[in-house]
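The briefing below turns to charged side-chain pairs and how they join parts of the chain.

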Amino acid sequence: MFRTHTCGELRIENAGNEVTLAGWVQKSRKLGGMTFIDLRDRYGITQLVVDGEASESLQELATSLGREFVLQVKGVVVERQSKNPKMPTGDIEITVKDIKVLNKAQTPPFTIEENSDGGEDLRAHYRYLDLRRPPLQRALALRHRLAQEIRNYLDKEGFMEIETPYLIKSTPEGARDFVVPSRMNPGQFYALPQSPQTFKQLLMVAGYDRYFQIVRCFRDEDLRADRQPEFTQIDCEMSFVDQEDVLKTFEGMMRQMFKNALGVEIANPIPRMSWYDAMDQYGSDKPDIRFGMTIHNVTDWAKGKGFGVFDGSEYIGAINVPGAAAYTRKEIDQLTEWVKRPQVGAKGLVYVKWNEDGSLKSSVDKFYTPEQLAELATIMEASKGDMMLLLCGPKRKTQGQLGVLRLEMGERLGYRDPKVFAPLWIVDFPLLEWSEEDGRFYAMHHPFTAPKPEHEQWFYSDKKEDLERVCANAYDFVLNGSELGGGSIRIYDAQMQERMFEVLGISKEDAEYKFGFIVNAFKFGAPPHGGLAFGFDRICALFGGQETIRDYIAFPKNNQGRDVMIDSPSRIDDLQLEELQIELKSVE
């Protein structure tokens, strides 16, 4: 055996035992006639001691060890004289009797410790070294535990784990597909799946009434901290269910994950909010409800007072920021510049302070009397010491800007504690989105989402205003301002599916070419069905209290979609291109 115990396992009750450990040298230090070595594996760190009674050859070997050398060590567990309460193994150390160097190591380009001195790019280049650090080990251990909780829960609920293909047909309706050339079918291409959507619906047609898969998905889109070109979904589908059945099933799964992985009890039942209320009150379809500061429509109050900017606006909205009346003019000017950034897109910011002395001060004193400002404070349910912030413009755009401002102020005031969890279901989405630019409707979710049954009469109407009233039989699971998952009750009737394609401007020929297999399947007795998919990487990050998903993926890509460790994507050689019958254009 290479080892009898791991480096995080031994405790004071093991004192006197002869043990064998194996791992990497975290660091070593020589104090007088003794050499201390911290030996690390993914379970923890154990301190080794080569004392003055050891043989001269052992002492020489101990002093020659470099960082990240791989060792096998034999010795006796003893109680430490100087204990370290910050380490689980801090009550003991190993008096070393023998060291075997299993592999030497070059000095690593950064410290492999809790907090590394290596920059993000350097650590990405040596990702296999970065993965030795405890924060990433904890992250991947959490990911593993969550995956086990998911499988255990869904298995008990009667779900079958079924794999679906990675090489599929391209159906570009959402994000861009990654495509794969076919050598055996020259000039033709597979696509990598953006989700297993059509396959899980076909499994319902096939009679597998409860399916799940923890599956890789692929989208060729611009990246940011919480996006990767390849990501993992918890993909699920159920037959003979309505929306209530789906929500109850997956509330149970989320409660079990929170309880067993974090020891946290979440709301039961999880609250629900319509998409329209979320947009009106939070300016977002994924609201963070850990704190208030909701948006108020103050259009009626603001208009007609002679302030041209407000009088000419479709919508004026406001949030009340507790305790922010202490902001100085300089801080307010900086906040005004902040909302003008492209990421927010506001043209300006109006403020109204309710000072502690009871006075009201605003950037629009010229147009609004103290009595009118006091009326606004009443509408906003403000208190002394608060500051009200107002934006104006097109309704949905302005609500979105206020939503971003609300999150920023919540961050500044410490309301967004990563250890507090506030889950929420968003329901009653619009089924369709109208594009003025294209002059057509797009599916808010995807073309297989069913309309709410009570809205079907509008769904079959030819009037644009009727179609805009139709709500989807859909739902999103939101946590702390992030969408963790979403799904819907699906269209299972061939005629309704054909109507959806018609509304989306997809010709019968295109529908047959792209989706004929599923429309034809519906003609053979498709059951009512629905499901959802959770973003597994995002769940892991939020459970771990982090903003970025990269630490919860073993080998992630950077913001340019590159794996700098293996230098991918890369060119392929001319022989491969010839076999695929692909000719490259020159890139200037």
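**Salt bridges**

Arg 123, Arg 127, Asp 130 and Arg 133 are linked in a network of salt bridges, a salt bridge being a side-chain nitrogen of Lys or Arg within 4 Å of a carboxyl oxygen of Asp or Glu. This is a predicted model, in which local features need pLDDT of at least 70 and side-chain atom pairs count only at pLDDT 80 or more, while totals for chains, interfaces and linings use all residues. Residues are numbered from 1 along each chain as its sequence is written, and side-chain values use heavy atoms, with hydrogens and water left out.

Count and pairs

- The structure holds 37 salt bridges.
- Glu 68 and Arg 132 meet through their side chains in a salt bridge of 2.7 Å, N to O; Glu 68 lies in the loop between helix 1 (56–64) and strand 4 (70–79) and Arg 132 in the loop between helix 3 (127–130) and helix 4 (134–156), so the pair ties together parts that are 64 residues apart in sequence (helices, H or I of at least four residues, and strands, E of at least two, are DSSP runs numbered from the N terminus).
- Asp 537 forms a salt bridge with Arg 143, with the closest N and O atoms 2.7 Å apart; because Asp 537 lies in helix 17 (residues 536–543) and Arg 143 in helix 4, this pair ties together parts that are 394 residues apart in sequence.

Burial

- Glu 68 counts as buried at 4% relative accessibility, whereas Arg 132 is partly exposed, with a relative accessible area of 22% (buried means under 20% relative accessible area, exposed over 50%, partly exposed in between, with a 1.4 Å probe and protein chains only).
- Asp 537 is buried at 3% relative accessibility, and Arg 143 is buried with a relative accessible area of 15%.
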